[in-house]
Amino acid sequence: MTDITIFDALPDTVVAPEPTRPRLLVIGTALVAGAMSMGMAGLLGIYVESRAAVLAEGGVWLPSGVSIPLTQPNMMAITLVMSVVAMAWAVSAIRHDDRANTYIALTLCVIFGFSYLAQTAFLFEIMGMPAAGDDLGRPPLIYALVGAHLIIMGVATLYVVIMGLRTLGGNYSAKDVEGIYGAALFWNVAVVLYLIVWYAIYITK
Amino acid sequence: MALTQTRTESDSTERIEPSSKPALEQLLSTSDHKTVGRMWVVSGVVIALFALALSAATGFEHMNLGSVDLFEDEGQFTQAWSMGRTLLLFGGVVPILVGLATYLAPLQVGSSAIAFGRGAAAAFWTWLLSTLVLVLAYIGNGGPAGGVKDAVLLWILAFGTVVLAICWALVCIATTILGARTVGLRMDRLPASTWAYLVFALLGLMSLPILIGELGLAYIDVTADYLADKQARMSLLSVTTSISLAPALYWISIPVLGMAIDIVQSQTGRPVRFHRLALSLLGSLGLLAFAADTLSFGGRGRPVDFNNAILVIGVLAAVLPILLLLSLALDSVKSGSIPINTPLVGSLLSMALLLVGSAVSLLAQIEPIVGFIEKVSGRSVSLSSALSLNGSAFHDGIRGLIVGATFLGCVGAIHHWAHKIWGRSLDDKLGMVTLLLGLVGTLAWGVGMVGAGFLGEPALPVISTGLKSGVEALNTVAAIGFVSLAGAAALLTMNVVRTAFGGGSLLEPWSGSSLEWMTSSPPPVGNFTEAPVLPPASSVERDSLVGAPASDSTSQGA
């Protein structure tokens with residue numbers, strides 16, 4: 001029996017491949033998402049502390065005549081959870097170079113994003129929370145918190161649109177999925193932030 | 001090439017053709033991190049000079065308590081005080097650090113460009129324009145204690161944009177260090193300054209968004225008339241309180257400590273022992289600063305809770321990493337050659353002053369610790385009223401020591417890397433005078449305000465009477481300190497402008513083992529003419545290339 005050494009087949013000129021480098025766009029997105037989360041955490045901390053202080057003094061947190069319905073916030077949560085599925089679909093599709101499915105998934109994601117924005121506007125309308133007034137006694141922190149998240153979702157939607165257009169232009173494919181990964185990361189963080197807002201504001205009221 | 005994509009083999013050797021655009025157009029449209037870094041540094045130095053001159057004016061006002069002499073009224077005095085302190089931090093010291101990191105970090109990791117080059121340039125221009133708008137908002141009677149609602153709103157927007165722009169610059173720096181390192185450059189082999197830039201950037205990205213959130217809430221308060229008059233708008237001062245106190249303020253000292261370590265090993269020819277320990281100490285100082293800054297959660301419009309255990313532990317613990325880093329630096333100085341020049345003296349002075357600042361800040365912890373003992377034991381402990389320092393001017397003295405130390409560290413760093421930045425050296429004699437003025441100014445600011453705090457002067461800004469004799473004298477000492485620091489900033493500005501416009505020696509005065517020294521001064525477009533090769537791993541912790549004689553300059557001029 002002959003010994004076979006497979007390494008003999010390698011020529012001397014072969015060098016080790018360059019190690020895989022982390023993706024800069026994904027790293028940058030992760031840093032921005034982290035910073036954004038800290039900003040939201042700061043606002044949430046202020047909200048929770050203010051609410052606890054009012055309740056500890058025996059006060060009522062929501063002004064009289066204001067009620068926060070649960071139907072809309074729940075629907076918004078479900079919408080955003082569905083958008084996460086759509087985003088996972090887009091990532092999977094681009095990894096398999098399935099452009100048609102990538103476009104459909106990204107479009108769905110954007111539609112979900114707009115739905116969330118529209119539902120929030122409707123919720124503000126029916127909630128009846130005044131922006132200011134003598135009877136309010138304190139600033140309506142809910143607008144600061146939800147408003148900040150609206151901005152984040154707006155940016156996330158814009159990010160997805162831009163990456164979708166770049167994919168359409170041929171920038172991203174199975175060989176380079178960085179843009180779609182970045183958009184997906186940002187989107188998912190934005191959804192997680194909403195789930196925290198949903199619990200802290202809409203559930204605990 | 002803007003680094004927004006995965007590096008490929010060809011990226012590291014790709015060259016960018018020099019632009020043939022007119023100089024001004026080139027300046028406005030550049031995405032080259034070297035030009036952007038230079039602009040950050042020069043703008044930061046000039047704005048620091050302006051901020052210190054303004055702080056000197058408010059210092060002179062403090063010399064005569066009980067009346068307003070130099071300013072129209074207390075509101076205007078408060079605005080000027082706020083403008084001086086805010087601009088010194090967010091218009092001067094932090095931008096200088098961001099500029100040095102923008103310039104040096106890509107070179108030190110062997111990258112041809114900074115990540116998101118156009119974004120880095122946009123961050124600079126956004127910061128510059130919003131800083132100008134911030135000054136205009138103050139002039140238009142905005143800011144804390146502002147009398148014009150629209151100007152106050154403009155102040156909030158401009159300040160928020162300044163912080164946002166700094167955040168974006170930090171994203172570019174951190175992304176470059178994390179993702180654009182040359183092959184083989186592991187995190188534990190990063191130069192101390194690069195590691196410190198990373199800690200600085202990550203810490204800023206975790207802390208500054210909270211400040212933006214606070215500004216957003218302040219905007220709602222002013223818009224909805226919850227802060228309807230000047231008196232109510234005094235509370236806007238609290239927006240920046242937590243980030244401008246120790247240990248959160250150690251955030252700005254981290255890159256200075258990192259740069260000091262690199263400068264010491266380059267100047268003495270002896271690398272610091274325990275390179276990884278030095279990196280760990282820088283990281284731990286960052287963690288302590290971050291833990292303390294998170295105390296600002298829920299701190300809207302209220303003073304900092306000095307009785308918080310995390311804050312007390314943070315202040316106590318922060319002394320240790322600073323002390324150990326200084327020890328490591330002194331160990332290199334002891335075993336190497338000792339050139340007396342601006343970079344080395346500036347670095348050692350800044351470390352020593354930081355240690356003094358952190359040690360003196362321990363005094364303010366006696367009060368909360370005694371309070372804790374009283375609570376646990378149930379017995380009353382007699383504490384001298386002089387040690388009730390929290391809520392007094394004492395903390396402005398600590399701020400003075402830390403900011404002054406950081407400024408001196410920046411002077412040393414700018415001198416050390418001047419040849420790399422402009423292709424010419426700064427005047428070393430002028431640098432030593434700058435350091436002397438800076439040292440006198442820092443000590444005077446620190447001693448004046450710490451002493452006034454002991455005598456019961458409340459937290460600044462204040463126009464009050466009934467204070468113990470000696471407070472005005474100590475305020476005068478602090479005012480002289482501001483004048484001295486402003487003089488130092490003026491000399492640094494003069495030195496930098498002279499070098500940027502062609503003055504100074506062309507001969508590269510020293511070298512180092514990190515990658516920025518393996519290219520010409522200033523580096524060509526694309527930074528490296530060929531892919532940089534890392535020195536052997538052992539040279540990071542032992543003597544080899546560090547301190548090697550300077551090679552013939554391949555300078556390309558300024």
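Student: Why is B:Ile373 called partly exposed?

Tutor: B:Ile373 has a relative accessible area of 41%, and buried means under 20%, exposed over 50%, and partly exposed in between (1.4 Å probe, protein chains only). The value of 41% therefore places B:Ile373 in the partly exposed class. This is a predicted model, in which local features need pLDDT of at least 70, side-chain atom pairs count only at pLDDT 80 or more, and totals for chains, interfaces and linings use all residues. Residues are numbered from 1 along each chain as its sequence is written, chains are lettered from A and ligands numbered from 1 in the order in which they are written, and side-chain values use heavy atoms, with hydrogens and water left out.

Student: What makes a nonpolar surface patch here, and which residues form it?

Tutor: Patches take residues with over 30% relative accessible area and no salt bridge, joining like charges within 9 Å and nonpolar side chains (Val, Leu, Ile, Met, Phe, Trp, Tyr) within 5 Å. B:Leu316, B:Ile369, B:Phe372, B:Ile373, B:Val376 and B:Val381 make such a patch, of about 520 Å², the areas coming from the Shrake-Rupley method with a 1.4 Å probe and only the protein chains shown counting as cover for residues.

Student: Which helix contributes the largest share of the nonpolar patch?

Tutor: Helix H12 of chain B (residues 366–377) gives four residues, the largest share, and B:Ile373 lies in that helix. Helices are DSSP runs (H or I, at least four residues), as strands are (E, at least two), numbered from the N terminus.

Student: How do you know that B:Arg85 and B:Asp396 form a salt bridge?

Tutor: A salt bridge needs a side-chain nitrogen of Lys or Arg within 4 Å of a carboxyl oxygen of Asp or Glu. B:Arg85 and B:Asp396 have N and O 2.8 Å apart, so the pair qualifies. The pair links distant parts of the chain, with B:Arg85 in helix H3 (residues 74–108) and B:Asp396 in helix H13 (residues 394–422) of chain B, 311 residues apart.

Student: Are B:Arg85 and B:Asp396 buried or exposed?

Tutor: B:Arg85 has a relative accessible area of 10% and B:Asp396 one of 4%, so both count as buried.

Student: What class does B:Arg276 fall into, and why?

Tutor: B:Arg276, at 48% relative accessibility, does not pass the limit for exposed and therefore counts as partly exposed.
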